[in-house]
Amino acid sequence: MKLIGAHLSPYVRKVAAILAVKGIDYETEVVIPGMMPEDFESISPLKKIPVLIDGDLVLPDSSVICEYLEEKYPSPSTMPSSPEDRASARFLEEYGDTRLLEFMSVPFIENFINPKLRQQEPDEQRVRSAVEDSLPPVLDYLESRVPEQGFLFGHFCTADIALVSPTINAAVGGYTVDAARWPRYTAFIERVKAHPPVAQALTIENEAMAAMLG
Ligand SMILES: N[C@@H](CCC(=O)N[C@@H](CS)C(=O)NCC(=O)O)C(=O)O
């Protein structure tokens, strides 16, 4: 099995965490947004990472990949068991992949990607607006949804990492969630990151990034 993408992508990280939880061996091929191979569209029609290759199967989109992994390798499961919880888990995963990531990616892009990789000045007003105006209602919502202990649906699920992965990018850009204002969500983030297979995937990511950045 091969996972194609860039280590700092929150979507690639979500898939890497699920592969680690399920104990699936895989190799990685680095493809960086903005520097994609000419023919990348032939394996990713939307020209996005990640892409999973499993034998003859070529599968783009992190949510589709995670569902495929769950169906093909059901144990340990990364979805809740009841239809109601599964539906809620899919929504929370979507929320993490879209609304949460939209705003968490602003400090990452402005404070890390732009100055470090594009030699561009950060747009500080854009960061302030994301952090002060856009993120608080999102974090209020998550504070009301995450549990005080354990994971969203008992055992670790894809939705758990989807609600945490974008915060790792924000932290690279210098923004961390205020523990005094959102204590439950902050503790949840730390719990998910410390879950042993997730911690293992994060260590691999950090080592790969350290090697790439020198
Ligand atoms: N819905 C997709 C989103 C993937 C996505 O947006 N990936 C970003 C990198 S984090 C990308 O490839 N962007 C390239 C571009 O938009 O040109 C998924 O879950 O995999």
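An oxygen atom of the ligand lies 2.6 Å from an N or O atom in the side chain of Ser-62, a polar contact being a pair of N or O atoms within 3.5 Å. This is a predicted model, in which local features need pLDDT of at least 70 and side-chain atom pairs count only at pLDDT 80 or more, while totals for chains, interfaces and linings use all residues. Residues are numbered from 1 along each chain as its sequence is written, and side-chain values use heavy atoms, with hydrogens and water left out.

**Ligand contacts and cover**
- A nitrogen atom of the ligand is 3.0 Å from a polar side-chain atom of Asp-61, and an oxygen atom of the ligand is 3.0 Å from an N or O atom in the side chain of Lys-48.
- Taken alone, the ligand exposes 510 Å², of which the protein buries 69%, with accessible areas coming from the Shrake-Rupley method with a 1.4 Å probe.

**Surroundings of the ligand**
- Residues around the ligand, each having a heavy atom within 4 Å of it, include Ser-9, Tyr-11, Met-36 and Ile-49.

**Domains**
- The domain assignment, which is automatic or from a database, gives domain 1 (2-76) and domain 2 (83-198).
- The centres of domain 1 and domain 2, taken over C-alpha atoms, are 20 Å apart.
- Where the domains meet, 13 residues of domain 1 are in contact with 18 residues of domain 2, contact meaning heavy atoms within 4.5 Å.

Note on methods. A polar contact is a pair of N or O atoms within 3.5 Å; within protein, one must be able to donate a hydrogen and the other to accept it, and residues adjacent in sequence count only if both atoms are side-chain atoms.
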